[in-house]
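User: I am learning to read protein models. Could we go through one term by term, with the cut-off behind each word?

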Amino acid sequence: MTEPLHVDVWSDIACPWCYIGKRRFEAGLAAFDGADDVTVTYHSFELSPDTPVDYDGSVVDFLSAHKGMAPEQVEQMLSQVTTIAADVGLDYDFAAVRQTRTLLAHEALHAARAQGRQLELVERLFAAYFQEGRHLGSVDELVALGSEAGLDGHALRDALENGTYADAVAQDISQARQYGIQGVPFYVIGGKYGVSGAQQPEVFTQALEQVRSEQVEAR
């Protein structure tokens with residue numbers, strides 16, 4: 001029997017490269033011979049913790065102010081990312097995106113992990129944010145999306161309203177800092193190999209194969 005192989009992923013729901021990276025990682029995992037033995041856990045990382053929960057402007061407005069870029073540059077950048085996302089089957093709609101702080105979304109993902117539905121909620125939140133223009137800073141929206149992903153909506157609401165997983169989010173962010181993670185997505189494979197960014201699928205496949213090979217050699 002082969003040993004389980006665990007992958008820890010630091011990401012942010014508001015990170016367009018994290019959703020692209022998710023698709024590329026999934027493709028790399030599918031090409032890995034031991035895919036059935038791989039488990040994945042998502043961890044919290046806030047790219048812009050200073051974002052207001054209810055931001056009135058557009059993504060272009062936010063990024064122009066946040067990055068000090070001209071609106072035209074931001075629009076060009078978003079167009080390029082939209083094209084790259086389309087290559088992995090994602091239909092980004094930046095005009096509809098509701099910019100918000102993602103702290104509550106991260107708490108929801110921890111609640112989903114406790115219910116054994118984290119991967120389902122990760123996918124649902126990414127789609128809701130980048131393709132549907134849903135407000136992921138809203139407890140009501142998160143509960144609705146969580147219910148769609150198979151979570152107990154009442155338990156999720158209680159967790160979000162009471163800050164049950166606020167410390168867990170802070171611990172994830174602290175761990176990222178200890179690892180030296182400054183941007184996401186970031187993948188830690190087998191507890192030893194880090195892969196930074198939305199790499200091509202074969203990079204993930206090779207990293208998984210390397211860890212599996214070392215597991216076999218260590219027996």
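Predicted model: local features only at pLDDT ≥ 70, side-chain atom pairs only at ≥ 80, totals over all residues.

User: Which strand is joined to S1 by bridges, and do the two run parallel or antiparallel?

Analyst: Strand S2 (residues 38-44) is joined to S1 by seven bridges, and the two run parallel. Two strands pair if DSSP finds at least two bridges between them. Seven bridges join these strands, so S1 and S2 count as paired. Residues are numbered from 1 along each chain as its sequence is written, and side-chain values use heavy atoms, with hydrogens and water left out.

User: What makes a stretch a strand or a helix?

Analyst: Both are DSSP runs, numbered from the N terminus: helices are H or I with at least four residues, strands are E with at least two. S1 covers residues 5-11. Helix H9 covers residues 201-217.

User: Why is S1 called mostly covered?

Analyst: Six of its seven residues are buried. Buried means under 20% relative accessible area, exposed means over 50%, and partly exposed lies in between (1.4 Å probe, protein chains only).

User: Why is Gln215 called buried?

Analyst: Its relative accessibility is 14%. That is under 20%, so the word buried applies. Gln215 lies in helix H9.

User: What does Gln215 touch?

Analyst: Contact means heavy atoms within 4.5 Å. Leaving out residues up to four places away in sequence, Gln215 touches Glu3, Pro4 and Leu5. The side chain of Gln215 also makes a polar contact with that of Arg212, at 3.0 Å. A polar contact is a pair of N or O atoms within 3.5 Å; within protein, one must be able to donate a hydrogen and the other to accept it, and residues adjacent in sequence count only if both atoms are side-chain atoms.

User: How do you know that Glu26 and Lys22 form a salt bridge?

Analyst: A salt bridge is a side-chain nitrogen of Lys or Arg within 4 Å of a carboxyl oxygen of Asp or Glu. The closest N and O atoms of this pair are 2.5 Å apart, so the pair qualifies. Glu26 and Lys22 are four residues apart in helix H1 (residues 16-30), which means about one helical turn separates them. An α-helix has 3.6 residues a turn, so residues three or four places apart point the same way.

User: Are these two partners buried, partly exposed or exposed?

Analyst: Glu26 has 32% relative accessibility, so Glu26 is partly exposed. Lys22 has 6%, so Lys22 is buried.

User: What makes Glu132 and Arg124 a salt bridge?

Analyst: Their side chains meet at 2.9 Å, N to O. The cut-off is 4 Å, so the pair counts. Arg124 and Glu132 also belong to a network of salt bridges with Arg134, Glu141 and Glu148. The structure holds 14 salt bridges.

User: Which residues of H7 are buried, and why are they said to be on the same side?

Analyst: The buried residues of H7 are Gly153, Leu156, Ala159 and Leu160. They cover an arc of only 125° around the axis, so they sit on the same side of H7. The arc is that of the directions from the helix axis to the C-beta atoms. These buried residues pack against helix H4 (103-114) and H6.

User: Why is Glu161 called exposed?

Analyst: Its relative accessible area is 52%. The limit is over 50%, so Glu161 passes.

User: What makes a nonpolar core, and which residues touch the most other members of the largest one?

Analyst: A nonpolar core is a set of buried Ala, Val, Leu, Ile, Met, Phe, Trp, Tyr and Cys residues joined through side-chain atoms within 4.5 Å. The largest holds 64 residues, and Val7, Tyr92 and Leu125 touch the most other members. Helix H5 (residues 118-131) gives the largest share, eight residues.
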